[in-house]
Amino acid sequence: MPAVSKGDGMRGLAVFISDIRNCKSKEAEIKRINKELANIRSKFKGDKALDGYSKKKYVCKLLFIFLLGHDIDFGHMEAVNLLSSNKYTEKQIGYLFISVLVNSNSELIRLINNAIKNDLSSRNPTFMCLALHCIANVGSREMAEAFASEIPRILVAGDTMDSVKQSAALCLLRLYKTSPDLVLMGEWTSRVVHLLNDQHMGVVTAAISLITCLSQKNPDEFKTCVSLAVSRLSRIVSSASTDLQDYTYYFVPAPWLSCKLLRLLQCYPPPEDGAVKGRLVECLETILNKAQEPPKSKKVQHSNAKNAILFEAISLIIHYDSEPNLLVRACNQLGQFLQHRETNLRYLALESMCTLASSEFSHEAVKTHIETVINALKTERDVSVRQRAADLLYAMCDRSNAKQIVAEMLSYLETADYSIREEMVLKVAILAEKYAVDYSWYVDTILNLIRIAGDYVSEEVWYRVIQIVINRDDVQGYAAKTVFEALQAPACHENMVKVGGYILGEFGNLIAGDPRSSPLVQFNLLHSKFHLCSVPTRALLLSAYIKFINLFPETKATIQEVLRCDSQIRNSDVELQQRAVEYLKLSSIASTDVLATVLEEMPPFPERESSILAKLKKKKGPGAVSVTELEDSKREGGELNGGGDRGPDTASTPSPSADLLGIRSAAPVGAAPASAGSLLVDVFSEAGTTTTLPSSSLFWLLFVCKNNGVLFENQLLQIGIKSEYRQNLGRMYLFYGNKTSVQFASFTTTPQLNVQTKPVEPLVEGGAQIQQVLNIECLTDFSDAPLLNIKFRYGGALQNLTLKLPVTINKFFQPTEMTSSDFFQRWKQLSQPQQEAQKIFKANHSMDTEVLKAKLLGLGTALLDNVDPNPENYVCAGVIQTKGQQVGCLLRLEPNAQAQMYRLTLRCSKDSVSRRLCELLAEQF
Amino acid sequence: MIKAILIFNNHGKPRLIRFYQYFAEDMQQQIIRETFHLVSKRDDNVCNFLEGGSLIGGSDYKLIYRHYATLYFVFCVDSSESELGILDLIQVFVETLDKCFENVCELDLIFHMDKVHYILQEVVMGGMVLETNMNEIVAQVEVQNRMEKSEVSLFLDR
């Protein structure tokens with residue numbers, strides 16, 4: 001007998017549905033629906049009271065109409081009325097309508113809550129389940145307020161039926177997600193954790209979702225779940241397939257629950273207790289062994305279930321990243337799946353291997369599968385799978401295989417799906433730069449990229465190749481030769497013209513010796529593309545031409561002629577016209593010397609994070625690249641800029657921005673050891689008052705989260721600060737104000753850093769203010785702030801002050817936006833004990849949300865919304881840029897308004913940074 | 001977490017929609033259309049996972065689907081769920097429907113939409129999995145059925 005009675009349904013409903021199905025056109029259907037809506041509306045509004053059955057029928061019709069995609073704006077009240085019916089079926093349809101159609105800010109919630117309250121206290125398990133379902137599906141705050149204290153009691157009460165317990169667990173989970181502040185687990189914690197031991201597997205299934213969520217939020221309170229989860233898992237894994245009866249699915253014991261247990265364990269580091277850990281390792285080995293056994297059934301469901309567990313086990317092994325033996329086994333297992341005939345398994349294997357590639361134990365093992373992965377990229381029919389293969393190639397790339405991988409990705413690009421081309425282009429560009437040993441290969445690769453997929457090459461990519469060519473003189477000649485050849489192609493992409501124009505304009509002289517690429521040949525080649533290009537490219541070409549006049553005086557007449565023609569000098573585009581006019585004039589009146597100075601070769605670009613990488617991060621969400629990024633900064637020592645060996649001279653090369661001020665003074669903040677400071681203090685501590693005001697440290701603290709303000713003030717002197725930071729560089733303006741009416745004489749300031757700042761004016765008139773600029777570069781992470789010594793004579797007395805400059809490590813933050821899952825993935829990756837720093841402290845300032853947000857933003861990180869399931873908490877992410885290294889930092893601040901306390905947790909890829917940030921920030925809130 | 005469960009036929013006609021996160025009605029319809037568009041153009045022997053559409057939540061979400069005869073069963077889930085686990089869950093749901101309706105077909109879903117909802121409610125609640133044991137699920141549905149029967153006869157007596 002079927003469990004659902006098909007016969008005794010509602011006849012009116014069946015007739016209506018048949019009518020709709022018989023409609024020949026969309027119009028007819030809409031007409032029939034409108035007729036029905038009018039009918040129902042009039043019935044609901046009518047004077048005659050409807051019986052429960054009719055209400056039920058009409059509400060059901062409304063649900064059907066809604067499913068067809070029509071808005072339903074009435075009937076809610078009738079549905080609420082059904083909730084208080086004594087008849088189960090009426091109550092049931094009422095709850096269904098509300099779950100599907102009522103959103104959490106409806107005005108009806110209070111009425112609904114009344115009905116729920118009655119049903120929860122009814123002691124009828126079926127009614128209780130309906131009510132719990134409704135709370136879990138609507139999950140509004142008002143519901144949380146009404147029931148958050150009641151539901152844990154139902155969940156752990158000894159006399160609650162199993163089915164009600166299951167519903168209560170998930171209901172509580174939902175309330176915890178919407179209003180964590182209202183769900184106070186405190187006294188229930190241990191009883192909830194012990195649900196993992198419940199005899200009824202359904203209860204465990206529901207409870208484990210709740211426990212996983214709670215553990216993610218409060219790992220310490222729920223720590224005991226680890227050993228319980230391990231023993232539960234062990235009992236399932238070692239049981240014969242018949243032991244668990246109904247929970248055996250196609251000969252696999254409790255696959256869903258096993259997966260969930262393995263997920264729960266991924267919230268924690270490996271168990272510390274040796275016995276528990278041993279048992280878990282045994283489980284993982286058993287799971288890996290089972291994968292090698294012959295299948296107990298040929299059905300796909302059997303292998304699905306078995307492999308679901310296997311993949312979760314592998315995720316856990318990767319998460320622990322501490323058992324080389326298991327990691328290699330996992331890798332081999334995934335390697336087998338790479339060639340499996342099931343597409344699903346190939347897809348998942350590629351995905352898991354991507355995370356495995358970032359583990360140092362298994363990176364090499366992953367690399368052995370390179371041929372298979374390349375083959376997948378070439379031959380898979382499914383674009384989802386090809387995409388995963390491309391991701392994996394990107395993740396497994398290192399110096400040893402970069403050439404092969406880049407070549408394969410390039411050749412794949414020619415036929416790649418349009419949807420993934422842009423991302424592929426970015427990845428190729430990044431790999432080519434990151435692993436370039438010989439830069440001619442890099443130039444070749446990028447030019448190939450432009451040739452193959454010019455339309456998908458974004459600005460960032462071609463800017464970057466120019467930056468690199470400009471910064472590396474060993475590749476300039478080769479680059480000029482290569483672009484010259486590339487431009488010979490009859491149809492070349494406009495991006496190629498841009499790169500060609502720029503590079504020939506700068507370095508065309510390097511190939512001009514060859515008669516085949518004489519100056520005039522170069523010019524004619526460029527100019528042959530001119531008319532096919534857009535305005536910005538033409539503007540770039542005009543600049544290249546004027547550079548030619550400087551490089552090759554023999555081309556001057558030809559170029560002037562081009563500039564002089566009407567299509568240039570009277571061009572309707574203002575920018576082009578202006579360039580033509582100015583360049584023409586410049587070339588005719590300026591002397592060779594002046595021309596040579598004005599049109600000098602571009603200075604090297606300041607080394608900074610590749611803009612391409614930034615773009616990929618933005619495109620993919622940071623998770624996609626960051627994993628390898630953090631790893632690489634460890635492994636490769638920041639090879640990212642391709643300029644590691646240029647190190648020493650970048651400091652002395654004036655960056656274009658510093659040129660403007662002309663007083664760049666590289667101040668390696670990290671190299672300001674305390675001993676040097678005290679030495680200086682000693683030297684200067686002659687007669688006079690040395691004031692290192694304690695109050696100044698208070699002022700100083702204020703600057704952690706802001707960049708401008710007053711650093712110091714006494715009766716004589718006020719020191720204001722304005723500062724700005726970008727990447728690992730900063731500039732600080734110091735304003736010294738004389739508050740008296742008397743002149744300060746012999747005014748000197750000595751920043752105790754390795755700097756040559758321009759000295760300040762020795763005299764500060766009464767009431768006057770003088771300014772000083774410090775340029776700062778962060779070489780490595782640091783904890784001591786640099787000191788500034790100030791001396792001057794006021795009247796006869798020598799004044800001597802030493803202040804801490806408000807330069808703190810957080811100033812070099814770059815904010816990083818990321819999604820919730822990326823955040824938690826990275827959070828987990830930074831799980832070594834020394835990477836974390838935590839402090840619990842009393843609030844010293846207002847706990848107001850806006851104030852806190854402003855402070856966190858001032859810190860320099862990105863403040864991430866919708867990451868922490870608890871909306872009261874704040875999470876931030878950022879990368880600290882130092883010259884040699886990037887340090888990824890994640891922050892979480894959990895305020896407890898009642899206790900006026902905070903818990904602050906930092907996880908950074910470098911432990912000294914976690915500690916320092918934690919100390920700094922604990923003073924801020 | 002399961003964000004949405006969509007069942008539609010080969011022509012994209014929705015047969016059951018269940019969202020566990022609030023979306024406005026017109027957004028729900030757009031999501032159904034987008035999902036149908038993404039899923040229906042895929043061959044039968046490609047993989048059962050694809051990155052979620054732009055509407056439902058970006059790259060953290062996956063669509064996991066199975067195609068049975070005239071119907072697509074699509075679960076939209078976040079990265080906390082096991083892909084293969086969800087495939088099994090879809091199978092459990094369909095097998096349960098098959099048991100409850102005796103050889104379920106698309107028409108059963110059309111004419112007994114409410115019943116399909118009730119069965120689904122025994123499997124998934126608020127986006128989380130409540131029960132995976134088919135016998136347990138069917139038993140719950142039978143309890144409901146008995147209550148319904150007793151009320152129907154009560155009603156006829158009146």
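Is A:Leu906 buried or exposed? In this predicted model, A:Leu906 has a relative accessible area of 1%, and because buried means under 20%, A:Leu906 counts as buried. The residue belongs to strand β16 of chain A, which covers residues 901-908. Setting aside neighbours within four places in sequence, A:Leu906 makes contact with A:Gln835, A:Glu836 and A:Ala837, with A:Leu890 and A:Leu891, and with A:Ser914, A:Leu917, A:Cys918 and A:Leu921.

We turn now to strand β14 of chain A, residues 874-881, in which eight of eight residues are buried. In a regular strand the side chains alternate between the two faces of the sheet. In β14(A), A:Tyr874, A:Cys876, A:Gly878 and A:Ile880 point one way, whereas A:Val875, A:Ala877, A:Val879 and A:Gln881 point the other way, and the residues of both sets are buried.

The pairing of β14(A) can be followed strand by strand. With strand β15 of chain A, residues 886-896, β14(A) runs antiparallel and is joined by eight bridges, and within this pairing A:Gly878 has A:Cys889 as its bridge partner; a hairpin of four residues connects β14(A) to β15(A). Strand β11 of chain A, residues 813-815, is also antiparallel to β14(A), through three bridges, with A:Gln814 partnered by A:Val879. Strand β13 of chain A, residues 862-864, likewise pairs with β14(A) in the antiparallel sense over three bridges, and here A:Ala862 stands opposite A:Ala877.

Definitions and conventions: Residues are numbered from 1 along each chain as its sequence is written. Chains are lettered from A and ligands numbered from 1 in the order in which they are written. This is a predicted model: local features need pLDDT of at least 70, side-chain atom pairs count only at pLDDT 80 or more; totals for chains, interfaces and linings use all residues. Side-chain values use heavy atoms; hydrogens and water are left out. Buried means under 20% relative accessible area, exposed over 50%, partly exposed in between (1.4 Å probe, protein chains only). Helices (H or I, at least four residues) and strands (E, at least two) are DSSP runs, numbered from the N terminus. Two strands pair if DSSP finds at least two bridges between them. Contact means heavy atoms within 4.5 Å.
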